[in-house]
Amino acid sequence: MNAKKEQLTDKVIITCAVTGAIHTPSMSPYLPITPEEITEAAVGAAEAGAAIIHLHARDPVTGRPDQSPEAFGKFLPQIKSRTNAVLNLTSGGSPFMKIDERIQPSMKFAPEVASLNMGSLNFGLFPMLSRFKEFKHDWERKHLEDSNDLIFRNTFKDIEFALKAVADHQIRFEFECYDIGHLYNLAHFVERGLIKPPFFVQSVFGILGGIGAHYEDVVHMKRTADRLFGKDYQWSVLGAGRNQLKIAAMSAGMGGNIRVGLEDNLWLGKGTLAKSNAEQVIKARQIVESLGLEVASPDDAREMLQLKGADKVNF
């Protein structure tokens with residue numbers, strides 16, 4: 001290991017997922033919906049210290065998730081022109097969409113990074129109905145209610161389809177692992193030669209249907225990934241809801257990376273809505289720096305993940 005690589009081990013990548021497909025517009029007035037809002041949220045998060053911006057698109061009127069390439073095309077060039085951050089396009093889309101729809105933006109735009117969910121799971125959003133009673137748009141209540149009978153489909157065939165669909169684009173993946181079995185699914189595709197290191201493993205904690213948010217769950221995920229992938233991966237975490245910063249602190253202390261953003265958590269603290277994604281990035285940065293670590297720049301992240309570079313994307 002050369003000296004430069006050793007130096008990078010003390011750097012922590014902060015990813016910011018600025019809007020997502022879980023929360024609905026009625027839950028927070030600060031959730032980015034329109035292309036202009038998503039652009040400003042992404043640029044603000046990058047200026048606050050996020051090296052990677054994880055992006056979803058929404059219908060600008062209703063706020064409903066929109067996975068069409070046209071929707072992404074309304075903000076990708078604008079964000080790229082204003083920040084050096086790595087832009088990461090979701091292929092998770094919405095849990096109600098199938099993979100052939102979800103992978104379309106990555107096929108068209110060939111980003112440096114795209115997300116890829118590594119297994120199917122029950123995906124329960126319906127408990128939020130106990131906290132949110134009134135909705136601006138008809139789709140919002142149904143979106144939550146229908147998750148009581150929802151399987152977020154990511155079969156082996158689906159995953160292989162996504163990997164092969166973008167194989168010529170030199171895209172690195174944010175492998176989203178909601179449970180221990182998803183790590184083994186990733187190892188399966190590594191063994192088949194369909195995925196090459198370094199792997200960017202995003203462990204997801206606290207979604208109903210996936211692994212919990214207890215500290216032993218976090219340790220178990222890290223220990224399993226270490227055993228399966230050794231030094232061939234970069235580990236990152238996201239904690240859903242109130243678990244966000246607690247699990248972020250654990251990851252930074254364990255040598256991992258962090259994901260925050262309004263996709264995963266609408267709050268800045270108990271009873272206080274986050275007014276921007278940048279506010280959460282600042283909190284994450286404070287955690288990193290208080291541990292004597294350094295926040296990775298976008299170019300640090302590119303080196304750590306061996307990305308192709310922003311000049312090789314199609315936007």
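Predicted model: local features only at pLDDT ≥ 70, side-chain atom pairs only at ≥ 80, totals over all residues.
How many disulfides does a search of the whole structure find? The search finds zero, a disulfide being a pair of cysteine sulfur atoms within 2.5 Å. In general, a disulfide is a covalent bond between the sulfur atoms of two cysteines.

Residues are numbered from 1 along each chain as its sequence is written, and side-chain values use heavy atoms, with hydrogens and water left out.

Let's look at helix α2, residues 35-48. Helices (H or I, at least four residues) and strands (E, at least two) are DSSP runs, numbered from the N terminus. From first C-alpha to last, α2 reaches 20 Å, close to the 20 Å expected at 1.5 Å a residue; that expected span is 1.5 Å times one less than the number of residues.

Ten of its 14 residues are buried, so α2 is largely enclosed by the rest of the structure. Buried means under 20% relative accessible area, exposed over 50%, and partly exposed in between, with a 1.4 Å probe and protein chains only. Among the buried ones are P35, I38 and V43. The buried residues of α2 pack against β2, β3, α4 and α12. After α2 comes G49, with a positive phi near 130°.

F200 is buried, at 3% relative accessibility. Its contacts (heavy atoms within 4.5 Å), leaving aside neighbours within four places in sequence, include T15, F173 and L305.
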